[in-house]
Amino acid sequence: MRSTPRSGRARGSLAITFAAALVLTACGSGDGATSDGATDGIARPGGTLTFAVGSYAGCVDPHQVGSNDTIYSLRQIVDSLTDQDPATGKIVPWLAESWEVSPDAKTFTFRLRPGVTFSDGTPVDARAVKDNFDAALKLGAKASLATGYLSGYVATEVRDDLTAVVSFGQPNAQFLQATSTFSLGLVAGTSVRKTPDQRCTDGVVGSGPFVLDGYLANQSITLVKRKGYNWGSSLWRKPGEAYLDRVLFTVVPEAGVRTGSLASGQVDAIGSVSLADEAALGAGGGVDLRARANPGVVFNLGLNNSGPALRDVAVRQAIQVALDRRQIVDTVYPTGSKPATSILAHTTPYYRDLGAQLTFDQARAKSLLDAAGWRVGGDGIRTRDGARLSLSVGWFANAATNQPSLELIQQQLRAVGVEITLKELQLAKIAQVQQAGDFDALWGNITRADPDILRATYSTGLANVYRLAPGPLDAVLTEQAATVDQAKRQALVDQAQELIVRDAYVIPVVELTTALGVSKKVHDLGFEASSRIQLHDTWKS
């Protein structure tokens, strides 16, 4: 197949106060709007965009971060070999002008755009591609997404300065899409040679339209425009440099404070808008609400399948049908959110609707637990052989919807005799928690616009965070990654989704919809294919 289409430290943090008076709101893009400050609709350079997020991942290396709140900023400092069209899913040029994929999907040849440099002045060439891919694997579990994408990696050949040939030991059909992700965004040699911890604490040097200017842990990340930038994605509207001079991402954990700050004009945009925030912003018209469903693995209870109770498929299946997903969505999530109908969101390529198997059925849940020998005790919680059916669910405060969702789940599971305790964990410790396996369940999702995210997450040959026992799912996940035949891959991804839902290895609950509140003075703040933001074309009036 061939395609030839065409530590520092932050300077300061924002003082956030809650504004009682909320101004107006509307839905839609709002580009060129005139409701709050006149604009002639003509894009103009300059200005600072202030974006309030709810959490900080504890690391400023995009290869080691998976939290949306931190990816919003770090995505802007690294370019990728390719980009993915959010409307069509098509892979398009970015740093690579063209590429070829061998018929067996083992070899990928990229021809790079000439004249591109990292912000330290070093060239973005084939050697840089090799150094980045070699180094990504050495990050190991600290870069679980990147290492999953590079599974089976053999080597990168530097054929000439602008030609890199990446080879794998087995077919790896998902790799081309992976080159469009932030996880495989390229960083300079000086960053590649740092230790994982140094990359986290010092940050990295990329070739993106913005440069990391400073950060304060748990407070802010500051970006400045890269002067002379001229190698943007083929999807972007503006040639050359970005419009904005500076972007300040400030961490504001309290959702109500974020909402009030946006409404009062103290910030230009906020993330993680919940249903309650939406209602609060609905009183006026100075704010746009923008939403896009994330592709990939939906929000789920990621069960530790090696746990004493959770080894029993009947217990897992009972939990699966005991959840009223519609109630959770309608109570907690912003407009347009959908209950999970598979382990993949409906926006993911090769998704299959398995909603009938995820229907709320409290009577069946009780029946499954009865048959498995779990009897209801005097306090309503089931026991078997003296052990309570009590599970601890770990969660992270990186979305305003997390805690209220889990509190509803707690109520719904108690109604069938399952006790849930909630345990808030530090987001910076997520890899440590997953590796240790010291949990009954973890609440979370993984965004990716390719179904191979199932192999990366649930293959027992990889990280196997959820401690699945080896079985038929492994072969299906491996085989889907080995074919470029769309019909064959669809059939295999269908099987994988069916096996995961049938055996309830994890419990799909709700599709993540990225919901942002954006001032009408901000224009062309768009979503990329994975529903993260891209700020190159963004401008302020």
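How many of the nine residues of helix 7 (residues 255–263) are buried? In this predicted model, where residues are numbered from 1 along each chain as its sequence is written, local features need pLDDT of at least 70 and side-chain atom pairs count only at pLDDT 80 or more, while totals for chains, interfaces and linings use all residues. Side-chain values use heavy atoms, with hydrogens and water left out.

Seven of the nine residues of helix 7 are buried, so this helix is largely enclosed by the rest of the structure; buried here means under 20% relative accessible area, exposed over 50%, and partly exposed in between, with a 1.4 Å probe and protein chains only. Helices (H or I, at least four residues) and strands (E, at least two) are DSSP runs numbered from the N terminus. The buried residues of helix 7 are Ala255, Arg258, Thr259, Gly260, Ser261, Leu262 and Ala263. At the start of helix 7, the backbone nitrogen of Gly256 has a side-chain oxygen of Glu254 within 3.2 Å, and helix 7 is followed by Gly265, whose phi is positive, near 85°.

In helix 15 (residues 472–480), the buried residues are Leu473, Asp474, Val476, Leu477 and Gln480. These buried residues pack against helix 14 (453–458) and helix 16 (486–502), where contact means heavy atoms within 4.5 Å.

Side chains of opposite charge can pair when their charged atoms come close. With a salt bridge taken as a side-chain nitrogen of Lys or Arg within 4 Å of a carboxyl oxygen of Asp or Glu, the count comes to 23 salt bridges. One of them is formed by Arg199 with Asp61, whose closest N and O atoms are 2.9 Å apart. Arg199 lies in helix 6 (residues 196–202) and Asp61 in the loop between strand 3 (48–53) and helix 1 (68–74), so the pair ties together parts that are 138 residues apart in sequence. Both Arg199 and Asp61 are buried.

Asp330 forms a salt bridge with Arg326, the closest N and O atoms being 3.0 Å apart, and both residues lie in helix 10 (residues 325–332), four residues apart, about one turn of the helix. Asp330 is partly exposed, with a relative accessible area of 46%, and Arg326, at 43% relative accessibility, also counts as partly exposed.

A further salt bridge joins Arg382 to Asp370, with the closest N and O atoms 2.7 Å apart. Because Arg382 lies in strand 17 (residues 382–384) and Asp370 in helix 11 (residues 362–371), the pair ties together parts that are twelve residues apart in sequence. Arg382 is buried, with a relative accessible area of 2%, whereas Asp370 is partly exposed, at 34%. Salt bridges that share partners also join Asp288, Arg290 and Lys520 into one network.

On a 1 Å grid over the protein atoms alone, a cavity is a set of points where a 1.4 Å probe fits but cannot get out, and lining residues have an atom within 4 Å of a point. The largest cavity holds about 50 Å³ of space, the volume being the space filled by probe spheres set on grid points that are joined across faces, edges and corners. Its lining consists of Val53, Ser55, Tyr56, Asp69, Thr70, Ser73, Ser220, Ile221, Phe249 and Val251. Helix 1, strand 11 (220–225) and strand 12 (246–251) each supply at least two residues of this lining, and the largest share, three residues, comes from helix 1. The lining residues of the largest cavity divide into five nonpolar, four polar and one charged, where Ala, Val, Leu, Ile, Met, Phe, Trp, Tyr, Cys and Pro count as nonpolar, Asp, Glu, Lys and Arg as charged, and the others, Gly among them, as polar.

Note on methods. On a 1 Å grid over the protein atoms alone, a cavity is a set of points where a 1.4 Å probe fits but cannot get out, and a pocket is an open set with protein on both sides within 12 Å along at least five of seven lines; lining residues have an atom within 4 Å of a point. A polar contact is a pair of N or O atoms within 3.5 Å; within protein, one must be able to donate a hydrogen and the other to accept it, and residues adjacent in sequence count only if both atoms are side-chain atoms.
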